[in-house]
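Have a look at the structure, then read the points in order.

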Protein chains: 2
Amino acid sequence: MAPLVVYAGKPSERAAYETSLTRAAEAEGVGMLLCMDPADADPAEVDYLIITGSGPVRDFAPYTRLKALLSLWAGVEDILRLPLPHGVPLVRMVEEGLTLGMIDYVVGHVMRHHLDIDRFIGAGPSGEWGTGAPPLARERHVGVLGLGALGSVCAGRLAANGFRVTGWSRTEKRVPGVRCLAGEGGLGRTLSDSEILVLLLPLTADTSRILDARRIGMLPDGACVVNAGRGPLIDHEALLAALDAGRLRHATMDVFDVEPLPPEHRYWTHPRVTVTPHIASVTRPETASLSLVRQIARDERGEPFTHVVDRAHGY
Amino acid sequence: MAPLVVYAGKPSERAAYETSLTRAAEAEGVGMLLCMDPADADPAEVDYLIITGSGPVRDFAPYTRLKALLSLWAGVEDILRLPLPHGVPLVRMVEEGLTLGMIDYVVGHVMRHHLDIDRFIGAGPSGEWGTGAPPLARERHVGVLGLGALGSVCAGRLAANGFRVTGWSRTEKRVPGVRCLAGEGGLGRTLSDSEILVLLLPLTADTSRILDARRIGMLPDGACVVNAGRGPLIDHEALLAALDAGRLRHATMDVFDVEPLPPEHRYWTHPRVTVTPHIASVTRPETASLSLVRQIARDERGEPFTHVVDRAHGY
């Protein structure tokens, strides 16, 4: 019998996912019963539940035969705060659209800081001419914290664009063209080298406020920070102090402790800060649906899911 | 006998080139007599003259045994206006540093326009959150006019960053991953597709004002233009009219008819224009000297120069 798949994401995206999930199931030849509103399904009959950290389903107890919880988001820290059923795999979203969008964002903002493009936007007549060309990418050290599904491909693409990239992760990883470091000592070496630092860590107990005053102090003078991971990776008061002091050149941030970022927050008006409204990368229904359908097909064939969350480590 | 090589570039860069030419000759094992000031050399004894369009040597008649004129610049239109000796090859500068710097500039500014980064710089509190992510690079059409030494590698790198790239050149070229078109019909098709258009053509009689009102009219609504080639490639009044009308979203320009761009020029203050002061790419003494020394070594061994200027075509 075809499995019952229930969409419990944002109601505003229901129509888009109905179309794209139906299309993906057809394209992949996967039979499934699709229900686009958890209120319309008997929880005891549901095989796969598609969820977000802020979706309508908060109580999973009635879902007694669930084969998996499928997250629409790459970051699952909000989902992990919910009372999840034991023994049911939670699968993170890894999908082509989200990954490619993140690569674009990271390469774009690293290039912007590398070339110091802001200096020329609306700057008016300049006395200098033909001088002050930036160093070459191959002379620029970029650090990437986090070498997971997103961090590793972003680090690789930065290296392909010529940058000298050091990647850091909790456990040892290998990324072609990237110097990979791990552990606390590796973190210090990564930070002290990073003229431009990109944060792509998951938010866990270990990574919360990982970029604190002490570690910000390890960055070279004039460094730029790009946070495309999660807001609480950073001690914001320490970051603001370093920006105020001119110790850091710029911080570009897409994620914050509270989102939307409150209008009175200093980041909005700080001359050394750029706020982007959590658009570095978004899950795109078309490619995300393909990923969801393929995960379901894998499980139905008796194959393991990919990207299952390790609840002990929080990602 | 070792050939006499005379540096006739900018006096301000003389010291840097003395160091880097000496080092490059040693590194390559090429014997040469190096003279850093044309006033110190007997013109009749000079084998190779290193020049720019604005250097101290304007009369080449006394240089009776020249084996080649070696340009420090990639663009040679200013040199071609000088009364050059007949039968002496003029060699354009193609060097790694200049090429890599141009790739950085082009990728950086194309990414900036692709992601519409300017919208977020100093923008203040935004009502939108988590919506309005840009399309993916693979959904973005970028056109590159000019597929020479710089254009072809920039087009290739843009393609490697996921963009859908169309390259156009006078004669047919092939660049892996890039749709290459040629001729007047190909130019129209390139322009009508280009959401972001990059100019990397040489300045010749054929390319002067190639981007005129008619061809600007072929660009899609909201297109951006990046000129990293030469100023006179563009009809500036037509470009300003299209920007004023909001037909084009932005123009980022590194090169101008008159440089430095006069302080009263509208480009300096136009909200849809970014001026960079001819820094997209600069000849870097270290890598340029290696290129010069290798050209000389090639000639001394009886091998042909690379990148000899075709005076009929002007590049």
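1. B:Ala312 sits in the segment after helix 7 (285–300) of chain B; helices (H or I, at least four residues) and strands (E, at least two) are DSSP runs, numbered from the N terminus. At 74% relative accessibility, B:Ala312 is exposed. The cut-offs here are under 20% relative accessible area for buried, over 50% for exposed, and partly exposed in between (1.4 Å probe, protein chains only). From B:Ala312 to B:Leu243 you count 69 residues in sequence and 35 Å in space, C-alpha to C-alpha.

2. A word on ground rules: this is a predicted model, where local features need pLDDT of at least 70, side-chain atom pairs count only at pLDDT 80 or more, and totals for chains, interfaces and linings use all residues. Residues are numbered from 1 along each chain as its sequence is written, chains are lettered from A and ligands numbered from 1 in the order in which they are written, and side-chain values use heavy atoms, with hydrogens and water left out.

3. Is A:Leu136 buried or exposed? A:Leu136 is buried, with a relative accessible area of 2%, and its place is the loop between helix 3 (96–115) and strand 6 (141–145) of chain A. Setting aside neighbours within four places in sequence, A:Leu136 is in contact (heavy atoms within 4.5 Å) with A:His114, and also with B:Gly97, B:Leu100, B:Gly101, B:Asp104 and B:Arg284. A:Pro83, 53 residues from A:Leu136 in sequence, is 50 Å from it in space, C-alpha to C-alpha.

4. That brings us to the interface. Each chain puts residues into the contact: 50 from chain B and 50 from chain A. Together they bury about 4100 Å², 68% of it on carbon and sulfur atoms; buried area is the accessible area (1.4 Å probe) that two parts lose on being put together, summed over both.

5. How many salt bridges run between chain B and chain A? The count is 2, a salt bridge being a side-chain nitrogen of Lys or Arg within 4 Å of a carboxyl oxygen of Asp or Glu. One of them joins B:Arg138 and A:Glu96, at 3.0 Å from N to O. On the side of chain B that touches chain A, the elements giving two or more residues are helix 2 (96–115), helix 3 (149–160) and strand 12 (273–275) of chain B. Helix 2 of chain B supplies the largest share of that side, 13 residues.

6. Now the core. The largest nonpolar core has 100 residues, and those with the most contacts inside it are A:Leu70, A:Leu158, B:Leu70 and B:Leu158. Such a core is a set of buried Ala, Val, Leu, Ile, Met, Phe, Trp, Tyr and Cys residues joined through side-chain atoms within 4.5 Å. Beyond four places in sequence, B:Leu158 is in contact with residues including B:Val106, B:Val110, B:Val142 and B:Phe163.

7. Some backbone details to check. A cis peptide bond joins A:Glu259 and A:Pro260, with omega about -5 degrees; in chain B, B:Glu259 and B:Pro260 are joined by a cis peptide bond with omega about -10 degrees. B:Arg209, a residue other than glycine, has a positive phi near 55 degrees and is partly exposed at 33% relative accessible area.
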